[in-house]
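Subject: Structure for you to look at

Dear colleague,

Please find below the structure I promised to pass on to you.

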Amino acid sequence: MNKDKKILMRPKYIGKPIERFEDSKYLSGNAKYTSDINIDKMLQLVFVRSDESHAKIKYIEYKEALKLEGIIDVLTFKDFSELNQITSPSRMSNYFATYQDVVAKNKVRYVGEIIAVIVAKNRYVGEDALELIEVDYESLDPVIDPEEAASNNKILLHENIGSNVILERSFSHGTKDYIKSKNIKSVSGKFKLSRKSPIAIENRCYLSDYDIGSGNITLYSSTQIPGVIRDALSKILGIAGNKINVKALDVGGGFGGKGSLYPEEIIVTYLSKKLKKPIKWTSDRLEDFLTTSQAFEEIIEAKLFFDDDGKFISLEGDVIGNIGAYSIFPWTGALEPVQVIGFLPGPYDIKNFHGNVKCVVTSKSPTGPYRGVGRPAAVFVLERLVDMAAKSISMDPFTIRMKNLIDTKNLPYRIGSGIIWNDAGFKECLEKSKNSNFFKEIIDIKNKKKCNRTWIGYGISTYAELTGIGSKISVAPGMPINTGSETATIEIDGTGSVSGIFAIASHGQGLETTLAQIIADEIGIKPEDIKITHGDTSKAKHGTGTYASRSAVIGGGAAIKTARVLRKKILKVAAYLLETDPNNIEIIDGIISSLNTNKSINFSELANSVYSDMETLPVELRDSLYAKESYDPIFGATTTATHIALVEIDKQTLKVKVLKYLVSEDCGKVINPMIVDGQVHGGVAQGIGVALLEKINYDNQGQLTTANLVDYKIPTASEIPKIDVVHTEHFLPENLGQFKGMGEGGTIGAPAAIANAVADALSDYNININELPVNQEYLFQLLKNGEIR
Amino acid sequence: MPLIKSSEKISVTFTLNGIKLSKNIYPRTLLSDFLRYSIGETGTHVGCEHGICGACTIIFNGKPIRSCLMLASQVNGHELTTVEGIVKDKNLDDLRAAFKKHHALQCGFCTSGFLITISSYLNENPEYADEKEIRKILSGNVCRCTGYVGIVDAVLEVIKKRNEHKKNA
């Protein structure tokens, strides 16, 4: 058989919609989430949390609580005095870190901050004790409005900083000469993106098990970042890293909310060591609303300059981000606002850019990473400005975008904020969306459905994002942790079966399947025969976890690099066994064959000859079938998409309904199209939530008034339409595997597309959609004003 | 009605997934906690404990209910089915296969609740696979990962196939 023909026959698992290997355990109720683990003699924690937004703690009275049967102890800050404070450093100049006591000492800075810890035999008794504990406060003025907090130093949240602004940064590229130009036009607005909560359906949960014999600690944590947590706990608790194992079992969704270090994680671990008992805490939904890192809350003033032909000349932006009470570890509170300004210029050729950003602390829950980080706000603002510009010169929204999108031949392209876009099909995605049947259909629906009961409109958004970020760029600006590499270990055991071990931590992304597909293609085995282990710091010693659209790109790259080393080892042994040259061997679905003879062996025979049979192979060939390699893509991979939404607004109720949705995206080589589409669908659904429903509200005393799933609405099946996805594959030659990250894109593009669609539907009125979510109350106020004008 | 003391356990007898059980419980124990921690059947998940998310949905006397909104003491003399129970139901193999095929689950946390809600809907033998109707049925369960696309497709397919099968039979 000729060699080329044989290679053609080799199955390619990358690109196939392989059903997920993870699914069976979930479908049978046999998955193991942290809250499903219960250990003998385990104690439960219940936290006494601040019900004041900004206050000094005068005293805590808990004598009555201690009398309850089943209460082991009530602990306050003095019981944790040996622990270091939580602080998140940054290399950025003009950045001021905040310091948070694990249990508040003198002062609380948001409703929900931990004041005392009840150690109880069970949660029920612990909550009884909570009723008996009294905390006396000396109230301080709350710090609520970020604009006011930024300009007024009279009420300080962190006195040591001397200001409520923990970071101010400016970007400037090009000139401001255009202002003098006669033909210059501009559109501008003051935009607001409301605060939101990530809302994974599984609440956070931690269980720490201390082994008295060895002194080892196992922390079961519903985290996205087990490696980061292990390293942080080692520092805060002063325990060697090899004595702490952080295990993320099945994790019920993350979306960024499980991607930071939390005080509860530290307390659970510390107390299990101190009390020599398993200690568990399971958040309830109220605690999740109060304490899981929130997102957004930005005020963005922006102005887009363009000429008569709609060619963009300059973009100016001023961002104020309300980061909440503390700068979160490890990302810092600068993570979101700085990236809003950083991504503001988008995928467009804009020669001049002038931006400024302020990160302001207030007495609200800390913000942290949320799916899309910075990009949903940036894209919302820019894409609204683009549509406003198009409307002002009566230009079609596609034409103005096509005119200004960076052409593929001009890539790589450095945008005004310094981000470099590499190979991606900006224009291709836009063109594909316009030429799709989908677009013809929505125009048809828009024309036909014109009626007295509803307004109907469509909106588009085009964006670019940076994914799979290597070591040259920080995922969070100035962050001192390298998140640019991942390691893969692949080994073959004595039975010939293959295991892949990764430090990434899948929490719904299907990485057990996609990483197996990648390794299968590289080695020549079936994906279902590969066992993938992840989210366990005792198995993978270094690596940070799953966030920032990195796991397929960096973890996948590490899988390829490692599998190639292992394959060489396999070929070397097989060449001896098959009495041929390594170049004359092909491996197909686990059968290793010589191309010039009929001889073949399977992996069991291969492993047997290496590990067990001491006669067949010479000693020097009995090297373990094991490889471990790290991969760092150095830079990031540019992912892009165009979204189109068709919406209908009920004139009576002012409820906005998304009727149809299309995503035309380029995420490089698609590993598993079923999983990619699933990530897009889920991302868009969350983006629809951002656009229409989800709003965290604090009152003027800093009390959270949207602390349950009735007041804080998230989309159900009735609010989400069918979502169509079309793909473009632009490859990045430098990256192993050509993969680009894509798990966040849906949430990035959807708020802008829907805002534009609502604006289109209401184009007869003199109003501007510059706030999200566009809920009924907002539209009511807007239309009332619009009619008056 | 005799006064129940919160500190004294009461006895409940009920049928769980076809098996008759008797347990002594504190009267204030939530049904969801009872299933997860006293019985040890952790396939029933708890997402909000205020009846919105639907992750804790189980079947109570043939109807889907929220186990987080009931007390364990209320199940005395009644029949319960959880996700562990419907696993044994071969008639639902088509639904589980459709969930895999259409990628109707990602993190899996809401999946048990969806399977219970859908199995109960399928028991009503819907005559048509109507997307709008299915979305309405599903709107009592929240999924944060899939955007419901795969879940809706899976249910549509199962109904269509079952109805075709009936026609041919």
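Predicted model: local features only at pLDDT ≥ 70, side-chain atom pairs only at ≥ 80, totals over all residues.

I begin with two helix pairs in chain A. The axes of helix 9 (residues 335-343) of chain A and helix 10 (residues 375-392) of chain A cross at roughly 40° and come within 8 Å, and helix 9 of chain A and helix 10 of chain A are therefore oblique to each other. Their crossing is right-handed. On the side of helix 9 of chain A, the residues that take part are Gln339(A), Val340(A) and Phe343(A), and they meet Arg375(A), Ala377(A) and Ala378(A) in helix 10 of chain A.

In the second pair, helix 11 (residues 397-404) of chain A and helix 12 (residues 426-434) of chain A have axes that come within 10 Å and cross at roughly 160°. Because of that angle, helix 11 of chain A and helix 12 of chain A are roughly antiparallel to each other, and the crossing in which they pass is left-handed. Helix 11 of chain A contributes Phe398(A), Arg401(A) and Met402(A) to the contact, while helix 12 of chain A contributes Lys427(A), Leu430(A), Glu431(A), Ser433(A) and Lys434(A). The residues of this contact divide into three nonpolar, one polar and four charged.

Turning to chain B, you will find six helices and five strands, which follow one another from the N terminus in the order β-β-α-β-β-β-α-α-α-α-α. For 169 residues, a compact globule would have a radius of gyration near 15 Å, and chain B, with 17 Å, agrees with this. Along the principal axes, the C-alpha atoms of chain B fill a box of roughly 55 × 35 × 25 Å. Of the 169 residues in chain B, 53% are buried.

Is Ile25(B) buried or exposed? Ile25(B), which lies in strand 2 (residues 19-25) of chain B, has a relative accessible area of 4% and is therefore buried, since buried means under 20%. Leaving aside residues up to four places away in sequence, Ile25(B) touches Glu8(B), Lys9(B), Ile10(B), Val12(B), Phe34(B), Ala72(B) and Ser73(B).

Key:
Residues numbered from 1 in each chain as written. Chains lettered and ligands numbered in written order. Heavy atoms only, no water. Axes fitted to C-alpha atoms, helices over the stretch in contact; angles between N-to-C directions. Helix = DSSP H or I, 4+ residues; strand = E, 2+ residues; numbered from the N terminus. Parallel < 35°, antiparallel > 145°, perpendicular 65-115°, else oblique. Left-handed = near helix turned anticlockwise from the far one by under 90°. Contact = heavy atoms within 4.5 Å. Rg over C-alpha atoms; globule rule 2.2 N^0.38 Å. Buried < 20%, exposed > 50% of the residue type's maximum accessible area, 1.4 Å probe, protein only. Nonpolar A, V, L, I, M, F, W, Y, C, P; charged D, E, K, R; others polar.
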